[in-house]
Amino acid sequence: MTTRRKAATHNLPVQLTSFVGREREKAEIKRLLAATRLVTLTGSGGAGKTRLAMEAGREMIDQFPDGVWVAELAPLSDPALVPKVVAAAAGLRDESGRPVLDALAGHLRRKRVLLILDNCEHLVEACARLVDLLLRSCPQLRILATSREPLGNAGETTFRVPSLSLPEPGEVLALERLRDYEAPLLFVQRAEAVSPHFAITNRSAPALAEVCRRLDGIPLAIELAAARVKGLTVGQIAARLDDRFRLLVGGNRMALPRQQTLLATMDWSYQLLSEPERVLLRRLSVFAGGFSLEAAEAVSAGGTIESPHILDMLLQLVDKSLVVADDRGDEARYRMLETVRRYGRDRLQEAGEAAGAQRRHRDWYLALAEQADPRLRGPEQASWLGRLALDHDNFRAALEWSRADDAGAEAALRLATALWWFSFVRGHWSEARTLLEATLIRA
C-alpha cells in the first residue's frame, strides 16, 4: 500500500474566480467542525455549497496535519463507486486485495484528516453508509459534506447555506454601500470580468438591487445574470427575469451540465424527487409568499396526494432545500424561493393542473377572509389583522385568479367584500378603495 507523498497536505482545487463574502458562514463551519465530527452543508441548487466548503477547508489546512481531502461525487451515478472515489481522494492505493472500505478505514484510523464529500444528494444512502463506517473507525476524522438534503447519520449537524446578503426590500442601493451586500458585489465582480468597461451608477443601482433580490441572492443565478451584461443593461436584465430560465444560460462550459444553466440546476433537483413530491412541489407553487400547513393541505390534496401525508412530504421538501420553513412563534410558515416557485409554476402548467390548484387556493383564502371579516370588527381584531397580514400576497393572487376566471365572478365579489375592511383598518387606502369599487361594480 502506498499513499501520497508527505509534502501534499490537500487536493483542494485551484479557484479561478474571486470568493465574495461568507465570512460568518466560514466561521460557523469551523466552529461546528470543532464541536462535531460530521457537518453537512445543505441548500438549494446554486447556493454555493461547494465553493463555501472548499474555502472553509482551505482555511483549516493547518488544523489537519494529515490533510484536507476532497472527494468530488457529482460525476458518479453508481453508488458502488463511492468508496473507491473517496479512497483515491484520500491518497490511498491499496494493492492488498482487501475490501476498499476496510482499507480506507485502516488508512485513516490514526490520522487527523478533514474529508470533504462534495455533492452527495444523488448518492445519499451510499454516502451515509460510508460516513458511518469511517466515523466509527477513525476517531480523529472530521467530515464536511455538501448535499441538497442531510445524510441522516447519527451525530450529523446540518448547516443551511443562506443566500448572499441583499439590500432590504424598498431600500435604495447607494453606490457607497455596494460592498455592504454580498449579492450585488458578486454581480459587479462577475460583470467586470466579462465586460471590463462595466460600471454601476446611481441610476443603475436600483436595477442591480432588483436583480439580486428577484434571484433570491443565489450565487449561480447572479453569476449567470452578470454574464448577460455583454449584451444587456442591468435594467434590461431585471425586466426579463419573468423568463429567467431562458435568460440565465451560458454558464461555465467546464462545469457539469446541470451547473451551466439555472434551468438545468432546477431540473436536477426536481428529478431527484419522488413522483408524489414532484406533484406537491408543483401545487405549492400557486402560493404567493408564505403559507401555513393547513393551507398546503387544503390546496395540495387530491389524486395521488392524501392530506394526512402532506406534512411528511412537505418536510421532505424542506430537507431537500426546495421549501423554506420559518418559525413564526405559534405557527410554522413555509415559503419557496422565487426561482423555485417559478420553476414549480412552469411544471404545474405543463401538467395541466394550474386551473384546479388556483381554484383550491382561491376557495381556501375566500373561506379564511369570510371567517375573519366579522372578527375584524370586534375584540379579536388585532390577532386577526396579524394573521391575515401574513397572507396578504395570497389574497391578492386569489383575487387576480378570480377576476381572470370567467366562472369566478361571484368568488371575486365575495373576496373583495370580505377583504375591504381588512385593507381599510390597515390604512391601505388605495387598495381599500379598489376593493370597494370592485364590490359596487359587481353589485
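Mentor: A residue is called buried when its relative accessible area is under 20%, and exposed when that area is over 50%. The structure discussed here is a predicted model.

Trainee: Is Cys138 buried or exposed?
Mentor: The cut-off for burial is a relative accessible area under 20%. The relative accessibility of Cys138 is 0%, so this cysteine falls in the class called buried.

Trainee: How many disulfides does a search of the whole structure find?
Mentor: A disulfide requires two cysteine sulfur atoms within 2.5 Å. For Cys138, the closest cysteine sulfur belongs to Cys127 and lies 16 Å away, which is too far for a bond. Over the whole structure, the number of disulfides found is zero.

Trainee: Which strands are the edge strands of the open sheet?
Mentor: The sheet has five strands with parallel pairing, in the order S2-S3-S4-S1-S5. An edge strand pairs on one side only, and that description applies to strand S2 (68–72) and strand S5 (156–160).

Trainee: Which residue in S5 is the bridge partner of Val39?
Mentor: Strand S1 (residues 38–42) pairs with S5 in the parallel sense, over five bridges. The partner of Val39 in S5 is Thr157.

Trainee: What angle does the direction of helix H2 make with that of S3?
Mentor: Helix H2 (residues 49–59) packs on the sheet and touches S1, S2, strand S3 (114–118) and strand S4 (142–146). Between the directions of H2 and S3, the angle is about 170°.

Trainee: Which residues touch the most other members of the largest nonpolar core?
Mentor: Nonpolar side chains tend to be buried together in soluble globular proteins. The largest nonpolar core in this model has 86 residues, and helix H16 (residues 354–372) supplies the largest share, seven residues. Those touching the most other members are Phe187, Leu208, Val211, Leu284 and Phe291.

Trainee: Which residues does Val211 touch, not counting residues up to four places away in sequence?
Mentor: Val211 is among the residues that touch the most other members of the 86-residue core. With residues up to four places away in sequence set aside, Val211 touches Phe187, Ala225, Val234, Ile237, Ala238 and Leu241.

Trainee: Why is helix H11 described as largely enclosed by the rest of the structure, and which helices do its buried residues pack against?
Mentor: Helix H11 (residues 262–271) is largely enclosed because seven of its 10 residues are buried. Those buried residues are Leu262, Ala264, Thr265, Met266, Trp268, Ser269 and Tyr270. They pack against helix H8 (219–226), helix H10 (244–247), helix H12 (275–284) and helix H15 (338–350).

Trainee: Which backbone nitrogen does the side chain of Ser204 reach?
Mentor: Ser204 sits in the loop between helix H6 (182–194) and helix H7 (205–214), and its relative accessibility of 18% places it among the buried residues. Apart from neighbours within four places in sequence, Ser204 is in contact with Ala199 and Val234. At 2.9 Å, its side chain reaches the backbone nitrogen of Thr201.

Trainee: Is Thr304 buried or exposed?
Mentor: Thr304 belongs to the loop between helix H13 (293–300) and helix H14 (307–319). At a relative accessibility of 64%, Thr304 is classed as exposed.

Note on methods. Residues are numbered from 1 along each chain as its sequence is written. This is a predicted model: local features need pLDDT of at least 70, side-chain atom pairs count only at pLDDT 80 or more; totals for chains, interfaces and linings use all residues. Side-chain values use heavy atoms; hydrogens and water are left out. Buried means under 20% relative accessible area, exposed over 50%, partly exposed in between (1.4 Å probe, protein chains only). Helices (H or I, at least four residues) and strands (E, at least two) are DSSP runs, numbered from the N terminus. A nonpolar core is a set of buried Ala, Val, Leu, Ile, Met, Phe, Trp, Tyr and Cys residues joined through side-chain atoms within 4.5 Å. Contact means heavy atoms within 4.5 Å. Two strands pair if DSSP finds at least two bridges between them. Axes are lines fitted to C-alpha atoms, for helices over the stretch in contact, and angles run from 0 to 180 degrees between N-to-C directions. A polar contact is a pair of N or O atoms within 3.5 Å; within protein, one must be able to donate a hydrogen and the other to accept it, and residues adjacent in sequence count only if both atoms are side-chain atoms.
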